[in-house]
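Subject: Structure handover

Hi,

Here is the structure for you to look through.

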Amino acid sequence: MSQPQISLTYFNIEAAAEKVRLALVMTGTEFEDKRVTFEEWGALKPSTPYGQLPLMTVTNPDGTVKSFAQSVAMMRWVARKFDTTDTLYPADADKMLEIEEVIGLSDDMAKAWQPSLYMGMGRHAQYGHPQEWPEAKETVKKMRETFIAEGLPRFMDFFSKKLEATGAFFCGDKPTIADLQILAQLRYFTKGVADHVPADCLTPYPVVTSWMDRMHAIPQIKAWYKL
């Protein structure tokens, strides 16, 4: 049976698209990893479903083409459609519930970090502040330092307890899409790319960093990152 042709469009960063890329990599699914510049995005934006990236375009063997957005939906679709082992996103309702709970926890962490992220990108007006706001930089600094001191430890404790319970991955002895989403999420915090977020901020959480090492040792992921 012929496989559909898949093109995944995003910027030349990991961020929202990376969990989708990892799902494609883990399932051995060929895809076009299309990375656009921020300048190119301006012209592309009006043609996207919701004015955002990533964008996945699927060309089926019969020639029909479908484009869709929402990265978590893409990740779930890839795992359910192409994972022949039925372990990344099992059809079993009880196993799926466990995975969805962890994905929800990851989403909660993303929401907790989001104001610090967006305000640091100059979007403070979205949070009720004037566009010309002299205190912006200092406020972002305090917000990010507070997240690293208070928010991050809270979620790392949740993550650590999950991992200690299984001794391997978030939902058992095999990685699932929950692991893929959280790996992409936590890699960001180790890169030193965000102001006021030290690249070693995960060092105090050895259970989590050991899990990241296990994830990076998976052959497909190791090859993807050229480790």
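Predicted model: local features only at pLDDT ≥ 70, side-chain atom pairs only at ≥ 80, totals over all residues.

Residues are numbered from 1 along each chain as its sequence is written, and side-chain values use heavy atoms, with hydrogens and water left out.

Salt bridges

A salt bridge here is a side-chain nitrogen of Lys or Arg within 4 Å of a carboxyl oxygen of Asp or Glu. By that rule there are 10 salt bridges.

Start with R187 and E14, whose side chains form a salt bridge at 2.7 Å, N to O. R187 sits in helix α6 (residues 177-189) and E14 in the loop between β1 (5-11) and α1 (18-26), so this pair ties together parts 173 residues apart in sequence. Helices (H or I, at least four residues) and strands (E, at least two) are DSSP runs, numbered from the N terminus. R187 and E14 are both buried. Buried means under 20% relative accessible area, exposed over 50%, and partly exposed in between (1.4 Å probe, protein chains only).

Next, E18 pairs with R21, with the closest N and O atoms 2.8 Å apart. The two are 3 residues apart in helix α1, about one helical turn. E18 is buried at 2% relative accessible area, and R21 is buried at 0%. This pair also belongs to a network of salt bridges that links E18, R21, D33 and R35.

K141 and E145 also form a salt bridge, with their closest N and O atoms 2.8 Å apart. Both lie in helix α5 (residues 136-166), 4 residues apart. K141 is partly exposed at 29% relative accessibility, and E145 is partly exposed at 36%.

Helix α6

How many of the 13 residues of α6 are buried? The count is 12, so the helix is largely enclosed by the rest of the structure. R187 is among the buried ones, as are I177 and F189. From first C-alpha to last, α6 reaches 19 Å, close to the 18 Å expected at 1.5 Å a residue. The expected span is 1.5 Å times one less than the number of residues.

Pockets

A pocket is an open set of points on a 1 Å grid over the protein atoms alone, with protein on both sides within 12 Å along at least five of seven lines; lining residues have an atom within 4 Å of a point. Volume is the space filled by probe spheres (1.4 Å probe) set on the points, which are joined across faces, edges and corners.

The largest pocket has a volume of about 1,600 Å³. It has 47 lining residues, with Y10, A15, A16, L117 and Y118 the closest to its centre. Helix α4 (93-120) gives the largest share of this lining, at 11 residues. Domain 1 (5-82) and domain 2 (93-218) each supply at least three lining residues. Those domain bounds come from an automatic or database domain assignment.

The second largest pocket has a volume of about 300 Å³. Of its 15 lining residues, S2, Q3, P4, T29 and F82 lie nearest its centre. β1 and α3 are the elements that give two or more residues to this lining.

Best wishes
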